[in-house]
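Dear colleague,

Please find below the structure that I am passing on to you.

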Amino acid sequence: TLCLWWGAEGWKTGLFNAMAVLLVACPCALGLATPLALWVAVARLASRGLTVANADSVEALASVDRVVFDKTGPLTEPKARIIDLVMDPPDGMPESHLAGLMAAVEGSSSHPIAAAFRNLARDAHRLNDSQGESRWVVESLDVIPGAGVRAQVRGSEGNGPFEVAMGDADRLGVGGSSRWHSLCHRLGLQGEGRKVAVVLSGRPVAAALVDEQLRSSWPAAL
């Protein structure tokens, strides 16, 4: 445009028309190319299970040389698992009944950690009776923010009710007790994982070490 109009009408007209072309054409191209690139990037990330909350983060990826994963999901399975479990039930209560109590309480909770306990009594062949009904009935369940859960549980055979609390020992008020320290010592594992206290009528009766399970794809992700 510059050359054509320069030759026909002079350099002033050629420059004016050339600038008009730049003003009209280039912003349209940039206005289309930039969102298109972002849309494609967001779509490809979504297909890999990643959600983009801010478009600026897509542009920032060009300078990223290390990614650090935090919390659950990218590298771990949605369900946690019990690494180790130590039980010290009160006199007259078998460990299988205590396992049933724990499974009943956590079976009523939607917390990710609770999933590790739901099959505990079933694995011990104690959760279901001969009619296939639960041995334990949760009458009430209260969530203690940042600490765990507290429930009233009654046995289908008339035993109970029991007040069962599960969660963080310190926040449940038993972290400083000698019984809790004894249970933790018997765990024998001081590695990764979260310690879950089981408190029956104010008394620590079990300690569990719960951890997340890595996905099979985690080496490729790293």
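A contact here means that heavy atoms lie within 4.5 Å. In this predicted model, residues 24 or more positions apart account for 51% of the contacts in the protein with a separation of 6 or more.

The secondary structure comprises seven helices and six strands. Read from the N terminus, the elements follow the order α-α-α-β-α-α-β-β-β-α-β-β-α.

The six strands form an open sheet with antiparallel pairing, in the order β1-β6-β5-β4-β3-β2. At its edges stand β1 (76–87) and β2 (136–144); each has a single partner strand, so one side of each is left without a neighbour in the sheet. On average, neighbouring strands of this sheet are turned by 25° against each other, direction ignored.

The partner of β1 is treated next. Strands β1 and β6 (residues 203–214) run antiparallel and are joined by eight bridges. Met 87 has Ala 206 in β6 as its bridge partner.

Two helices may be described together with the sheet. Helix α6 (residues 178–187) packs on the sheet and touches β1, β5 and β6, its direction making about 40° with that of β6. Helix α4 (residues 95–107) lies across β1, β2, β3 (148–155), β4 (162–167), β5 (194–200) and β6, and runs at about 55° to β2.

As to the protein as a whole, 30% of its 222 residues count as buried. The protein exposes about 14,300 Å², of which carbon and sulfur atoms supply 55%.

With kind regards

Technical notes
Residues numbered from 1 in each chain as written. Predicted model: local features only at pLDDT ≥ 70, side-chain atom pairs only at ≥ 80, totals over all residues. Heavy atoms only, no water. Pairing = 2+ DSSP bridges. Helix = DSSP H or I, 4+ residues; strand = E, 2+ residues; numbered from the N terminus. Axes fitted to C-alpha atoms, helices over the stretch in contact; angles between N-to-C directions. Buried < 20%, exposed > 50% of the residue type's maximum accessible area, 1.4 Å probe, protein only. Areas by Shrake-Rupley, 256 points an atom, 1.4 Å probe, with all protein chains shown as cover.
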